[in-house]
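Here is a short report on one protein chain. Look over the sequence and the model before reading on.

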Amino acid sequence: MPRVSQDHLDARRRQILDGARACFARFGYEGATVRRLEEATGLSRGAIFHHFRDKESLFLALAEDDALRMAEVVAEQGLVQVMRDLLSAPAPTGDAEHPADWLGTRLEVSRRLRTDTEFRARWAERSRQLTDATRQRLERQREAGNLRDDVDVDVLTSFLELVLEGLVSHLAMGLPADDLEPVLDLVEESVRRHRRTG
């Protein structure tokens, strides 16, 4: 039997994650049945669960993958940019070509954190990436003289994370988002260092 290359395995894993992202965004965790996952990925259950132990492991891997991608955006451009990307996202349909395709996953993570204590415990181990990336970005901005110095970096990190969660909740409720750019401008301005003139 021929051996499968690591590149092929990685591509198959990516195919599963992309298809699962669309399925979870459209149907939610409970509605993403194995049959729907098969349809969304174009693969059999055997192929899907060869890479992931069960549906929860698949969802956690997807959420972790999205958190890592969000952390990369934070490291480069800041958490407010993640929020701007969420605003520019179409309704969560799982469009994997969109830069903020993680909205559907983030909405489902938020819902499951409220209702599933086992998931909450498993997710806590994986969710530090975004917090760490935000804190590191703020520390770099402070060192560069761009961040206000009258508030502790941990407080600013918590502030930005709370704003992100509020935005996710706003979007989850289907409230209008087309007028929130000025709000994000205000959030961004509130953490910046203000230089006195005159």
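Which pattern does the protein chain follow, read along the sequence? The pattern is α-α-α-α-α-α-α-α-α-α. This is a predicted model. The protein chain has ten helices and zero strands.

**Overall build**

The C-alpha atoms fill a box of roughly 75 × 40 × 30 Å along the principal axes. The protein chain has 198 residues, and 41% of them are buried. Take the contacts between residues at least 6 apart in sequence: 67% of these join residues at least 24 apart. The exposed surface comes to about 11,200 Å², with carbon and sulfur atoms supplying 50% of it. There are 30 positive and 36 negative charges, and their mean positions lie 3 Å apart.

**The annotated region**

The unreviewed UniProt entry carries the annotation "DNA-binding region" for residues 33-52. That stretch is 75% helix and 0% strand. Its end C-alpha atoms are 15 Å apart.

**Thr-41**

Helix H2 spans residues 34-41 and includes Thr-41. Is Thr-41 buried or exposed? Thr-41 counts as buried because its relative accessible area is 7%, and the cut-off for buried is under 20%. Its side chain makes polar contacts with two backbone oxygens, listed here.

| Side chain | Backbone oxygen | Distance |
|---|---|---|
| Thr-41 | Leu-37 | 2.8 Å |
| Thr-41 | Glu-38 | 3.4 Å |

Beyond its neighbours within four places in sequence, Thr-41 is in contact with Gln-15, Ile-16, Gly-19, Ala-20 and Ile-48.

Conventions
Residues are numbered from 1 along each chain as its sequence is written. This is a predicted model: local features need pLDDT of at least 70, side-chain atom pairs count only at pLDDT 80 or more; totals for chains, interfaces and linings use all residues. Side-chain values use heavy atoms; hydrogens and water are left out. UniProt positions are given in the numbering used here, feature names are shortened, and annotations may be inferred rather than shown by experiment. Helices (H or I, at least four residues) and strands (E, at least two) are DSSP runs, numbered from the N terminus. Buried means under 20% relative accessible area, exposed over 50%, partly exposed in between (1.4 Å probe, protein chains only). Contact means heavy atoms within 4.5 Å. Accessible areas come from the Shrake-Rupley method with a 1.4 Å probe; for residues, only the protein chains shown count as cover. Lys and Arg count as positive and Asp and Glu as negative; His and the chain ends are not counted. The place of a charge is taken as NZ of Lys, CZ of Arg, CG of Asp or CD of Glu. A polar contact is a pair of N or O atoms within 3.5 Å; within protein, one must be able to donate a hydrogen and the other to accept it, and residues adjacent in sequence count only if both atoms are side-chain atoms.
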